[in-house]
Amino acid sequence: MKKGVFLPFIVALGAALVYLLIVNSASSKLENDKVIKRVFVPIRDIKEREVIKRDSIKWVPIPAKYVQKDALTYSTDSDFASVENAVARIQIPKGNQISKYAITALSPEAGLSSKIPARMRGFIIQVDAASAAMIKPDDNVDILLTFTALMKNNTQQMVTVTLLQNIKVLGVGGNLGQGLDAKSAAGLQSKEEEAAAYTDSSTLSLALSPRDAQYLALAKQQGTISVILRSPGDGTNYLMEIATFEKLFQ
């Protein structure tokens, strides 16, 4: 082949190869753009240290190339467990992808304040270990106060009054209702049992209005506090008379 013919042939072959590479690259990019992943996003702004509930998140499909590093992705409904009941480390705006670094597990380390409803207060009281073992986070309880009262005839009697009703339990010891896996639950139980070896009491975290918190703090100084468990769904505040030994034996 003559030199004058060979050179244009080489140039044409090179151009064809370059064109083929460009076409393949564009085709590959187009195929990658078609890859869709599903990521978790909040349906409203989630505040810092807020406990994330299932009704505040959803999954949305987006091209894989736009998925942020360490974003939490959805494949099956069981993946909701990776986000539900977690605590937001930072504010997560509506529609933003939720990454594993933006959340932390609900635990005493994350702080009790994340579970306290708006305009309420978290009140910590000591209860006997037997009572604490029967109460779980999100149960409702009534608070009783037993104290020595001065009666109208100037005699003193032990009386019991129902001080507060239908009070939400935020946590029992280190259990904040975080939905622990078996390994974490066993670890928490071991810590609780170790602590119980040195005391026969446990802590109960309650959600109280500021007013009720004041009265419970006062009541603790005047007598003995008892906690009784309510039936699920019973939100009625009952009119309760003061209990006395005199009435008991009538």
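A salt bridge is taken here as a side-chain nitrogen of Lys or Arg within 4 Å of a carboxyl oxygen of Asp or Glu. The model is predicted, so local features need pLDDT of at least 70, side-chain atom pairs count only at pLDDT 80 or more, and totals for chains, interfaces and linings use all residues. Residues are numbered from 1 along each chain as its sequence is written, and side-chain values use heavy atoms, with hydrogens and water left out.

**Exercise 1.** Determine which residue forms a salt bridge with Asp138, and where the two partners lie.

Solution.
- Step 1. The partner is Lys115, with the closest N and O atoms 3.7 Å apart.
- Step 2. Asp138 lies in the loop between helix H2 (129-134) and E6, whereas Lys115 lies in the loop between strand E4 (103-105) and E5. The pair is 23 residues apart and links distant parts of the chain. Helices (H or I, at least four residues) and strands (E, at least two) are DSSP runs, numbered from the N terminus.
- Step 3. Lys115 is buried, at 16% relative accessible area, while Asp138 is partly exposed at 46%. Buried means under 20% relative accessible area, exposed over 50%, and partly exposed in between (1.4 Å probe, protein chains only).

**Exercise 2.** Classify the accessibility of the partners in the salt bridges Arg44 to Glu50 and Glu241 to Lys247.

Solution.
- Step 1. The side chains of Arg44 and Glu50 meet at 2.6 Å, N to O. Arg44 is partly exposed because its relative accessibility is 37%; Glu50 is buried because its value is 17%.
- Step 2. In the pair of Glu241 and Lys247, the closest N and O atoms are 3.9 Å apart. Glu241 is exposed at 60%, and Lys247 is partly exposed at 39%.
- Step 3. Salt bridges with shared partners also join Asp142, Arg230 and Asp234 into one network. The whole structure holds six salt bridges.

**Exercise 3.** Identify the residues that touch the most other members of the largest nonpolar core, and the elements that supply this core.

Solution.
- Step 1. A nonpolar core is a set of buried Ala, Val, Leu, Ile, Met, Phe, Trp, Tyr and Cys residues joined through side-chain atoms within 4.5 Å.
- Step 2. The largest such core has 17 residues, of which Leu204 and Leu206 touch the most other members.
- Step 3. Strand E5 (121-128), strand E6 (140-150), E7, strand E8 (201-208) and helix H4 (210-220) each supply at least two residues of this core. The largest share, four residues, comes from E7.
- Step 4. A second, separate core of 14 residues includes Phe40, Ile52, Leu72 and Ile103.
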